[in-house]
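Please read them beside the sequence and the model.

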Amino acid sequence: MESLRRDGQKKHTERVLQFGEGNFLRGFVDWMFDRLNKENDGDFGVVVVQPLPGGLISKLNEQDGLYTLYLRGLLNGERTEETRIVDCITRGIDPYIDTEAFFECANNPDLRYIVSNTTEAGIEYRKTEENFAETTYPGRLAMFMKKRFDAGLNGFLLLPCELIDKNGDCLKECVLKYADDWGYGEDFVRWVENENSFANTLVDRIVTGYPRDNASEMEKSFGYRDSLIDTAEIFHLWVIECDRKYSEELPFDKIGLNVLWTDDVTPYKKRKVRILNGAHTMSVLASRLAGLETVGEMMDDELMGAFVREGIYNEIIPTLDLPKNELESFANDVIERFMNPFIKHYLLSIALNSVSKFRVRVLPSILEYVKEYKKMPERLVCSLAALIMFYRTDEANDDADVMSFMKTASVKEILAREDYWGESLAEFEPCVQKYIDIAENDGIRAAVRESMK
């Protein structure tokens with residue numbers, strides 16, 4: 001069986017520079033450019049730059065930039081699977097071996113877009129010399145953009161996919177700090193400011209990566225070897241905050257992709273944190289106390305599945321300010337993602353650091369619900385009771401000081417910890433204690449049922 005190769009197939013014009021060769025970008029951004037090429041007569045070639053030593057670039061080049069993407073999940077309630085060969089990547093560059101090839105890309109007048117996923121820690125400023133190997137990703141980007149400026153060429157639309165707040169603004173701030181450190185001059189700063197757009201983005205897709213357990217089976221069905229098989233769920237969302245003119249250059253939404261061009265990414269991030277992440281955090285601890293192991297089992301369980309749904313639709317969505325139909329549509333997608341039969345998501349992995357997660361993901365919904373409706377969101381408050389009970393077990397996994405305190409403290413003492421919650425939650429003590437009492441006497445399921453009356 002031969003490896004995946006192009007066999008003379010023409011490569012696309014190199015218009016995209018991508019920092020990161022990992023599973024996520026290949027299962028998300030590159031898939032989108034590939035669809036633009038095939039469904040909208042696009043011509044978007046992607047040059048992939050390895051951001052850290054020891055990556056996958058050599059494998060990528062061995063396969064001429066080709067790899068198989070296998071999407072699987074639920075779509076409108078139906079099990080859906082889709083396989084495609086992604087061919088938008090033209091080549092990979094390991095800049096630690098060939099730095100010159102990396103900088104030579106700055107002289108390509110066709111280059112227009114820069115995409116990155118260098119992990120949350122990748123967008124950072126650290127005072128260093130102007131040295132490729134020693135600096136951070138934004139430092140290398142500043143050096144690259146200076147080469148571009150010196151060549152007298154146009155700027156870029158930068159689309160960082162790192163999971164930090166205001167990722168585009170942070171990236172720009174770091175680039176300008178390096179420009180100042182290294183004396184790039186006022187003309188370069190003006191060029192960065194006026195000829196480049198740093199978009200703030202929100203990305204959302206579970207990319208499960210290389211299927212180690214059944215890769216050989218898949219290769220047999222494909223009829224070729226592929227050491228870079230990537231797998232992901234069906235759902236995808238890319239929210240891009242920048243000038244709407246770029247939507248004409250990159251018409252992702254025109255071919256049915258879930259890409260939203262907006263003036264403000266904030267409400268969409270809030271929607272994701274409150275509905276997707278919030279639903280996880282409000283439900284997994286009670287479900288684990290009920291003896292369940294995975295999100296799939298939780299959704300299949302009649303009581304716990306209803307607990308999740310009612311928490312989302314009855315108590316979380318009413319606190320959000322996007323149109324109700326948009327919120328419910330997103331929630332429907334979240335429910336399908338939780339029910340994805342192809343992904344085994346363990347409750348204990350989601351339960352990690354639940355105190356800090358609850359503060360960010362669930363507590364704002366509780367506080368806003370009380371403020372708006374002058375009553376307790378019973379399901380969400382029950383989930384707080386479940387959190388306290390879970391931390392009394394040996395399965396809790398958090399900072400050692402947090403676990404030590406939570407294991408023996410009273411409900412009153414826990415709710416008074418402003419450093420945990422951002423404010424005192426003393427007003428919730430009677431309701432929280434009620435659910436703990438029910439759970440201790442009759443089990444967690446009885447407490448959950450009570451919250452849903």
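Which exposed residues does the face of α8 turned away from its buried side carry? The first point takes this up, after a word on conventions. This is a predicted model, in which local features need pLDDT of at least 70 and side-chain atom pairs count only at pLDDT 80 or more, while totals for chains, interfaces and linings use all residues. Residues are numbered from 1 along each chain as its sequence is written, and side-chain values use heavy atoms, with hydrogens and water left out.

1. Helix α8. The face in question carries S216, E217, K220 and S221, which are exposed (over 50% relative accessible area, with a 1.4 Å probe and protein chains only; buried means under 20%, and partly exposed lies in between). Helices (H or I, at least four residues) and strands (E, at least two) are DSSP runs, numbered from the N terminus. In α8, which spans residues 215-222, the buried residues are A215, M218 and E219. Seen down the helix axis, these buried residues fall within an arc of 100 degrees (taken from the directions from the axis to the C-beta atoms), so they line one face of α8. After α8 comes G223, whose phi is positive, near 90 degrees.

2. Helix α7. In α7 (residues 186-195), the buried residues are F188, W191 and V192. Because they cover an arc of only 100 degrees around the axis, they sit on the same side of α7. E186 and N194, on the other side of α7, are exposed, whereas the buried residues pack against α5 (137-150), α6 and β8 (197-198).

3. N167 in helix α6. N167 belongs to α6, residues 167-181, and counts as buried because its relative accessible area is 0%. A polar atom of its side chain lies 3.2 Å from the backbone oxygen of P160. Leaving aside residues up to four places away in sequence, N167 touches I123, P160, C161, E162, A199, N200 and T201.

4. A three-stranded sheet. Strands β9, β11 and β12 form an open sheet in the order β9-β11-β12, with mixed pairing (two strands pair if DSSP finds at least two bridges between them). The edge strands, each pairing on one side only, are β9 (200-204) and β12 (259-262). β9 pairs with β11 (residues 237-241) in the antiparallel sense over five bridges, and L237 in β11 is the bridge partner of D204. Helix α10 (residues 266-289) packs on the sheet and touches β9, β11 and β12, its direction making about 30 degrees with that of β9 (axes are lines fitted to C-alpha atoms, for helices over the stretch in contact, and angles run from 0 to 180 degrees between N-to-C directions).

5. F33 in helix α2. F33 lies in α2, residues 29-39, and is counted as buried because its relative accessibility is 0%. Not counting residues up to four places away in sequence, F33 touches V16, F44, V46, C88, V115, L250 and F252.

Notes
Contact = heavy atoms within 4.5 Å. Polar contact = N/O pair within 3.5 Å; in protein donor to acceptor, adjacent residues only side chain to side chain.
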